[in-house]
Amino acid sequence: MRLLVIEDDPALLRTLAASLREENYAVDTAADGADGLLKAQQNTYDAILLDVMLPKLDGWGVLAALRPANRTPVLMLTALDAVPARIKGLDAGADDYLTKPFDIDELLARLRALIRRAAGQTSTRIAIGELSIDTAARRATVAGEEIVLTAREYALLEYLALHRGEVVTRAALYEHLFDEADDSLSNLLDVHVSNLRKKLGRDLIATRRGHGYCIE
Amino acid sequence: MSVVFHSLRWRVQLWHGAILLLAVLAFCLTAYRLAWASQLRHIDKSIAQNEWTMFHGLMVACRPEGVDKGSVPPEAIVERLRAGTLAVPATVAARFGGNEPGYLYFAIYDRDGRRLLHSENLPADSALPQPEQDTGELYRLVGSRRETMHGGPGGLIVVSGRDITAERESLHRFAWSLGALGLAVWSFGLLGGWWLAGRAIKPIATISRTATRIAAGNLSERIDVQGTDSELDQLGRVLNDTFDRLHETLEQQKRFTADASHELRTPITILLSETQRILKRERTPAEYEEAIRTCHDTAARMRRLVEALLLLARQEASGAAPRESCDLAAILRETIAQLAPLAKERGIDVRAELSPTRCDGDPASLAILASNLVANAIQHHSTGGHVEVSCATAAHSVAFSVRDDGPGIPAEDLPHIFRRFYRVDKARAGASGHTGLGLAIAKAIVDNHGGSISVSSPVGHGTRFTVTLPTAPTGSAPAPRG
């Protein structure tokens, strides 16, 4: 899952990005509204964390420029806790609203919920035959037996499972699993896929040659 | 209900109604009395006329046969009356008789009160002359009759009267119509008064409603002023001015609270997020060190912010600064010395042109003021720049200025730079290390000293802050410049 964090306070941006990366999100950062908007429009994110008070272009401005064309879930982070400000945020197209100071675990849970909802899922558990994925604990089990996965393998599996039945292109996988700091080579993706197949069975992930991958 | 009657409109209406009622009553009563008096005069005149006709008839009857001219002495008439040989002629007698409405009657008495002659219909309760008493003239109303009694020729006393039922009835009708008219005028007046009072009070009610809405929280609304210079417009303008100031103060307060909470919440968020993140699992010593450094920097930032907030609160709460004579040049020199490390670090050359300048003020506050302005100039400058500090004495004031040859302040920001938490570069405290309160504190200090602070920043010519502080008018003469 790839996130964009738009926050002008460098210390907060640093700690937020570190927290998210430790949860195996691919994280891009922007320190002002204009830069954030540019990145949001150029790349495809699974969710955007948006501060309200930003230099150059404030959070409302970013949201106004994004909506309605861009449907990426937006979680607003702000110190403005007055009810009118929250209502304004939600009405402007934000999907959720969290006031500072927030609990990092709550932020992570809300992010998971946003991403889940955007993918049409209602539960933290995704079951595919014998395979069961717990998106909150980020664990995969086959017939009750835990499968040890690396962070990248898990991210790949979760993304494909969340988009079950769809053919996910390689480009989309690169977009969603790697942030702009990563310079992974394209065959790295093939390595992760083949590792997953080794651990979960050959038939789980089908290859659509020339298109991408798919979990039926 | 009592509340209703306390309303201005009702009170005006009550007074108006009472006064109008008195006026209408006075008018009706006067009209009635005048009409009645005129009616009575008319009746009395007709009675006198009939009496004369009656006497004339007696006189004619008294004349000897064949004489139809010349007067008859009253004694002769009295004599004949006493003798009972005189009667009014039939033509005249026809006038006095019957009991139809408007009937006439008469009676003639002699000096001793003996009735000599009377009409047949003389009422039993008609006036009787009192013997041995000067009766003079008498006009009276008996029942539905008007009666007069007075001395006649030859010592006779004549009582004559008339039934005035018809006149009374007509007067009665007149009274009723007068009453109805009065009532109509009164009602009309009441309605008009109610309308007028309502019209006069309506603007007040509008003002009151608007003021209530404003008081309830709709602070952007204003009372509609008509543009005339009526008392109500003046009231509206005064209230609007008050609301403007109230609104401005509240908005400032709200903005300040929002800004302050934002500025305080961000570092708290950093502390919480960073500690929460780092405690989630085992870390290497390097990671711990980095996290602790982040927390330390954040805490230091909070300390700066809290200190600035306290300083600002103290300045705003303290009112006029305690005054003592101090040398502005010495304060500025000390400030520059304290900020020298910062200037060196940023590669800024700070020059001072200071002559001893005595001023009255609080040295501690003035030092903060100078420090804020000089530090502001250093921080917003790029490496290699110059900052000039100078001070001078004028007739009734002293002034010092801090000038830099930096990029200047955009014109659209100039009016706001003394606002709390206003930042020209919009960068946050964490990025730049300053709180956004420095110039607000400077302004508060200058205000407390009764002085003024101004800023000019012509494009491309750097920025100059000038502070002017008044000197006590009775103070010592300005020190000579050296």
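# Reading hairpins, helix pairs and a chain contact

Visitor: Let's start with a strand pair. How many bridges join strand β7 (residues 131-134) of chain A to strand β8 (residues 139-142) of chain A?

Guide: Two strands count as paired if DSSP finds at least two bridges between them. Here, β7(A) and β8(A) are joined by four bridges and run antiparallel. Across the pair, A:Ser132 stands opposite A:Thr141 in β8(A). The strand and helix names come from DSSP runs, numbered from the N terminus: H or I of at least four residues for helices, E of at least two for strands.

Visitor: Before we go on, what kind of model is this?

Guide: It's a predicted model, where local features need pLDDT of at least 70 and side-chain atom pairs count only at pLDDT 80 or more, while totals for chains, interfaces and linings use all residues. Residues are numbered from 1 along each chain as its sequence is written, and chains are lettered from A and ligands numbered from 1 in the order in which they are written.

Visitor: Back to β7(A) and β8(A), then. Which residue takes a positive phi in their hairpin?

Guide: That's A:Arg138, with phi near 55°, in a hairpin that has four residues between the strands. Then β8(A) goes on to a second hairpin, with β9(A), which has two residues between the strands and a positive phi near 55° at A:Ala143. Three bridges hold that antiparallel pair, with strand β9 spanning residues 145-147 of chain A. A:Thr141 turns up again here, standing opposite A:Glu146 in β9(A).

Visitor: And how many residues lie between β11(A) and β12(A) in their hairpin?

Guide: Three, and A:Gly210 in the turn has a positive phi of about 80°. Strands β11 (residues 205-208) of chain A and β12(A) run antiparallel with four bridges, and A:Arg208 has A:Gly212 as its bridge partner in β12(A). Strand β12 (residues 212-215) of chain A also pairs with β10 (residues 168-169) of chain A, antiparallel again, through two bridges. There, A:Val168 faces A:Tyr213.

Visitor: Now the helices of chain B. At what angle do the axes of α6(B) and α7(B) cross?

Guide: Axes are lines fitted to C-alpha atoms, for helices over the stretch in contact, and angles run from 0 to 180 degrees between N-to-C directions. For helix α6 (residues 231-278) and helix α7 (residues 285-318) of chain B, the crossing is roughly 165° and the axes come within 10 Å. The two are therefore roughly antiparallel to each other; angles under 35 degrees count as roughly parallel, over 145 as roughly antiparallel, 65 to 115 as roughly perpendicular and the rest as oblique.

Visitor: Which residues meet there?

Guide: Among them are B:Leu264, B:Ile270 and B:Leu271 in α6(B), and B:Tyr288, B:Met302 and B:Leu305 in α7(B). The residues of this contact divide into 12 nonpolar, three polar and four charged.

Visitor: In what order do the five strands of the open sheet in chain B run?

Guide: The order is β7-β9-β10-β12-β11, and the pairing is mixed. β7 (349-353) and β11 (452-456) of chain B stand at the edges, each with a single partner strand, so one side of each has no neighbour in the sheet. The twist averages 15° from one strand to the next. β11(B) and strand β12 (residues 463-470) of chain B run antiparallel, joined by five bridges, and B:Ile453 stands opposite B:Val467.

Visitor: How many residues of chain A are in contact with chain B?

Guide: Residues are in contact if their C-beta atoms, placed from the backbone, lie within 7 Å. By that rule, 18 residues of chain A touch 21 residues of chain B. Helix α1 (residues 10-22) of chain A gives the most to chain A's side, with eight residues. That side divides into 12 nonpolar, two polar and four charged residues.

Visitor: What are the model's scores?

Guide: ipTM is 0.77 and pTM is 0.60. Chain B averages 83, and 92% of its residues score at least 70. Over residues 474-482 of chain B, though, the pLDDT is below 50. Where pLDDT is low, the predicted coordinates should not be read in detail.

Conventions: pLDDT is the predictor's confidence in each residue, from 0 to 100. Two residues are in contact if their C-beta atoms, placed from the backbone, lie within 7 Å. Ala, Val, Leu, Ile, Met, Phe, Trp, Tyr, Cys and Pro count as nonpolar, Asp, Glu, Lys and Arg as charged, and the others, Gly among them, as polar.
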